[in-house]
Amino acid sequence: MPDSPKPQVKSFSLSKTVIYSLVPLVVLLLILEVGIRLVYYQMYASYPLALEGAYEELKGRLARLASQREVKRLGDELGLDQGQGVNLFAPEGAELLAHFENLYEQSFDRLVAAVNKAGAKLLVLYIPSDFTKDSRKAQHCRSFFQRLSARHRLDFVDVTRSFAQYPVEVVSFLPQNAHLSRFGNRLVAEELSPYVRKYSHYRMPTTFKERPKIFGDLRPGENKDWLYIPSMPYRVVVNSQGLRMDYDLKFPKKKQRLLCLGDSFTFGPYLPNHDTFPGLLQQKFPDKEVINAGICGYNIADELSLFQHRAQYCEPDMVILQVLDNDLGDFYYLRRRLFARDPRAYAPSEPEMRYLTRHKSKEKAQ
């Protein structure tokens with residue numbers, strides 16, 4: 001007689017028992033995951049409700065996407081590349097240059113007033129970004145920032161001479177990219193060092209009883225490689241307070257604090273945290289806390305807004321404002337659409353409209 005099949009009831013029953021015993025564990029782990037995420041959100045988010053935060057994030061992404069499309073459309077139509085084709089330093093750009101200088105000066109004056117009100121010491125750091133020899137743009141911007149600093153009796157730290165001693169390829173990533181190399185950042189840190197020592201004992205008298213949870217504009221807790229240029233990956237570590245730092249600031253503070261405000265030249269792309277000039281300053285002065293609040297694409301209006309709404313609550317004793325040759329051109333409305341701290345559909349001002357009209361007529365004539 002053929003063998004009768006063995007009963008499988010017991011093994012099947014055992015499998016069901018194992019599965020059913022795992023289900024509560026999986027559910028518990030999911031609940032813990034959601035709970036931890038909620039706690040993390042409440043600790044570090046800028047919005048009281050997650051839905052509100054998600055809505056604002058989506059709205060910002062859509063606004064930037066629309067701006068990128070508009071910039072490309074207008075760039076193709078006018079022959080301009082995200083505003084970089086606007087030649088402020090040619091004769092036809094004189095009116096627009098004066099307009100942008102006026103806008104810059106207004107925001108600069110307000111930042112000086114805000115820093116003074118907080119009781120911090122402000123100094124201006126000029127980093128040349130136009131490496132063309134005898135550049136009219138660099139000469140004009142350098143003089144403009146120097147005059148503004150002198151009017152407010154601020155220390156003006158100029159690294160032009162230090163950079164001029166070395167080939168461009170040594171202080172920057174050129175020809176791949178015009179941002180500063182580790183050596184370029186080291187030169188900046190060395191130029192700043194005498195001023196850090198000069199105000200070594202200065203303390204900000206202001207303290208805040210209440211402060212936001214976030215002090216910077218980077219995504220809190222980020223720790224990953226950035227690959228904007230695939231051949232130049234670099235690690236970005238952000239603390240829970242939105243600053244490019246490896247640790248959180250605590251209160252009451254026990255060390256003198258230096259707040260670095262600026263654009264990508266402060267943020268330090270294509271370098272790890274410790275090779276940016278704020279990171280190098282931190283290594284040079286371990287008795288202080290050096291705060292990197294730089295954000296790529298920001299201009300003086302964004303830095304003012306960031307200081308007023310968030311960064312001043314770090315209670316910095318010294319504020320280092322980094323300025324650059326392209327800061328005036330960053331007021332161009334297409335640039336603002338792409339990089340402004342408050343993303344919205346910026347419209348061209350009257351001087352911009354006149355410039356664009358002339359530029360378009362010139363393009364048609366050619």
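## Exercises on a predicted model

Val 238 counts as buried because its relative accessibility is 6%, where buried means under 20% relative accessible area, exposed over 50% and partly exposed in between (1.4 Å probe, protein chains only). Before we start: this is a predicted model, so local features need pLDDT of at least 70, side-chain atom pairs count only at pLDDT 80 or more, and totals for chains, interfaces and linings use all residues. Residues are numbered from 1 along each chain as its sequence is written, and side-chain values use heavy atoms, with hydrogens and water left out.

**Exercise 1. Find where Val 238 lies and what it touches.**

Step 1: look at the elements, where helices (H or I, at least four residues) and strands (E, at least two) are DSSP runs numbered from the N terminus. Val 238 is in the loop between strand S6 (234–237) and strand S7 (256–261).

Step 2: list the contacts, meaning heavy atoms within 4.5 Å. If you skip residues up to four places away in sequence, Val 238 touches Leu 218, Arg 219, Pro 220, Gly 221, Glu 222, Leu 243, Arg 244 and Met 245.

Step 3: pick a residue from elsewhere in the sequence. Gly 216 is 22 residues from Val 238 in sequence, and their C-alpha atoms are 9.4 Å apart in space.

**Exercise 2. Work out which residues touch the most other members of the largest nonpolar core.**

Step 1: A nonpolar core is a set of buried Ala, Val, Leu, Ile, Met, Phe, Trp, Tyr and Cys residues joined through side-chain atoms within 4.5 Å.

Step 2: apply it. The largest core has 65 residues, and Tyr 104, Phe 108, Leu 261 and Phe 307 touch the most other members. Helix H3 (residues 94–118) gives the largest share of this core, 10 residues.

Step 3: zoom in on one of them. Beyond its neighbours within four places in sequence, Phe 108 is in contact with Val 124, Leu 148, His 152, Leu 154, Ile 300 and Leu 321. Apart from this core lies another, of 26 residues, including Val 157 and Leu 187.

**Exercise 3. Classify the ring pairs Tyr 126 with Phe 145 and Trp 226 with Phe 267.**

Step 1: here's the test. Rings of Phe, Tyr and Trp (its six-membered ring) pair if their centres lie within 6.5 Å; planes under 30 degrees apart count as stacked, over 60 as edge-to-face and the rest as tilted. By this rule the model has 17 aromatic pairs.

Step 2: Tyr 126 and Phe 145 are 6.3 Å apart, centre to centre, with 40° between the planes, and the pair is tilted. Tyr 126 lies in strand S1 (residues 121–127) and Phe 145 in helix H4 (residues 136–151), so the pair ties together parts 19 residues apart in sequence. Tyr 126 is buried at 1% relative accessibility, and Phe 145 is buried at 1% too.

Step 3: Trp 226 and Phe 267 have ring centres 5.4 Å apart and planes at 25°, so this pair is stacked. Trp 226 sits in strand S5 (residues 223–226) and Phe 267 in helix H8 (residues 264–267), so parts 41 residues apart in sequence are tied together. Trp 226 is buried with a relative accessible area of 15%, and Phe 267 with 1%.

**Exercise 4. Give the strand order of the open sheet and find its edges.**

Step 1: two strands pair if DSSP finds at least two bridges between them. The open sheet has 5 strands in the order S2-S1-S9-S7-S8, with parallel pairing.

Step 2: the edges are strand S2 (155–158) and strand S8 (288–292), as each pairs on one side only.

Step 3: check the bridges of S1. S1 and S2 run parallel and are joined by 4 bridges; Leu 125 has Val 157 in S2 as its bridge partner. S1 and S9 also run parallel, joined by 7 bridges, and Leu 122 is partnered by Val 319 in S9.

Step 4: see how covered S1 is. Of its 7 residues, 6 are buried, and S1 is mostly covered.
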